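The following note sets out, point by point, what can be read from the structure shown below. Please keep the structure in view while reading.

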Amino acid sequence: ISLVCYALGIYGALRYNYALLSIASCRYIVEIVAAGILGNIWTMILCIAFLYPHIVLSYEFWHRIITPITYPYQEYSCCCRTNSVMIAMEMERRRRQRAQGQRLRQRQR
């Protein structure tokens, strides 16, 4: 069950899906509680270390800080990859061109 939950979390992170990422987060919480009951401190510490990035990413998905559109800009601010910014700018330019083309087609009807 753990493996399935963690795989869903990875898939959710790749697809910007808050619900799937939350499944993995809940599994880590269950592991933390179980480790606390059993007195296994190292497992608790390890699970807390893995839970923290899940919580931060869930927060960013929920508040729309990271979306498929904004991800290249976020990546640039973390990794300084100018190529990613250029790709993001090109994607935004194409999106605007498509929207403008749709508005023109609607006006012609």
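Predicted model: local features only at pLDDT ≥ 70, side-chain atom pairs only at ≥ 80, totals over all residues.

1. A residue is called buried if its relative accessible area is under 20%, exposed if that area is over 50%, and partly exposed in between. R95 has a relative accessibility of 37% and is therefore partly exposed. The terms are used in this sense in every point below.

2. The overall architecture may be taken next. The protein chain contains 5 helices and 0 strands, and its pattern along the sequence is α-α-α-α-α. Of its 109 residues, 23% are buried. The accessible surface amounts to about 8,400 Å², and carbon and sulfur atoms account for 64% of that area. Among contacts between residues at least 6 apart in sequence, 37% join residues at least 24 apart.

3. With 13 residues at 1.5 Å a residue, helix 1 should span 18 Å, and its end C-alpha atoms lie 19 Å apart, which agrees. Just after helix 1, Y16 has a positive phi of about 55°.

4. Which residues of helix 1 are buried? They are C5, G9 and G12. Viewed down the axis of helix 1, these buried residues fall within an arc of 65°, so they line one face of the helix. The buried residues of helix 1 pack against helix 2 (18-38) and helix 3. On the face turned away from the buried side, helix 1 carries the exposed residues L3, V4, I10 and L14.

5. The aromatic residues deserve a separate point. The count of aromatic pairs comes to 4. In one of them, the rings of Y6 and Y28 have centres 4.8 Å apart and planes at 25°, so this pair is stacked. The angle decides the matter, because planes under 30 degrees apart count as stacked. Since Y6 belongs to helix 1 and Y28 to helix 2, the pair ties together parts that are 22 residues apart in sequence. Y6 is partly exposed, at a relative accessible area of 22%, whereas Y28 is buried, at 10%.

6. Y28 has a further aromatic partner. The rings of Y28 and F50 have centres 6.0 Å apart and planes at 10°, so this pair is stacked. Y28 in helix 2 and F50 in helix 3 are 22 residues apart, and their pairing links distant parts of the chain. F50 is partly exposed, with a relative accessibility of 41%. Y6, Y28 and F50 together form one aromatic cluster.

7. H54 also has a contact with Y28. H54 is placed in helix 3, residues 41-62. Its relative accessibility is 17%, so H54 counts as buried. Leaving aside residues up to four places away in sequence, H54 touches L21, A24, S25 and Y28.

8. How many salt bridges does a search of the whole structure find? The search finds 3. In general, side chains of opposite charge can pair when their charged atoms come close. One of the salt bridges joins E31 and R27, whose closest N and O atoms are 2.8 Å apart. E31 and R27 are 4 residues apart in helix 2, so about one helical turn separates them. E31 is partly exposed, with a relative accessible area of 22%.

9. R95 pairs with E92, the closest N and O atoms being 2.5 Å apart. These two residues are 3 residues apart in helix 5, and are therefore separated by about one helical turn. R96 also forms a salt bridge with E92, with the closest N and O atoms 3.3 Å apart. Here the residues are 4 residues apart in helix 5, again separated by about one helical turn.

10. Is E92 buried or exposed? E92 is buried, because its relative accessible area is 17%. R96, at 52% relative accessibility, counts as exposed. R95, as stated at the outset, is partly exposed at 37%.

Definitions and conventions:
Residues numbered from 1 in each chain as written. Heavy atoms only, no water. Buried < 20%, exposed > 50% of the residue type's maximum accessible area, 1.4 Å probe, protein only. Contact = heavy atoms within 4.5 Å. Areas by Shrake-Rupley, 256 points an atom, 1.4 Å probe, with all protein chains shown as cover. Expected span 1.5 Å × (residues − 1). Arc of directions from axis to C-beta. Salt bridge = Lys/Arg side-chain N within 4 Å of Asp/Glu carboxyl O. Phe/Tyr/Trp six-rings, centres within 6.5 Å; stacked < 30°, edge-to-face > 60°.
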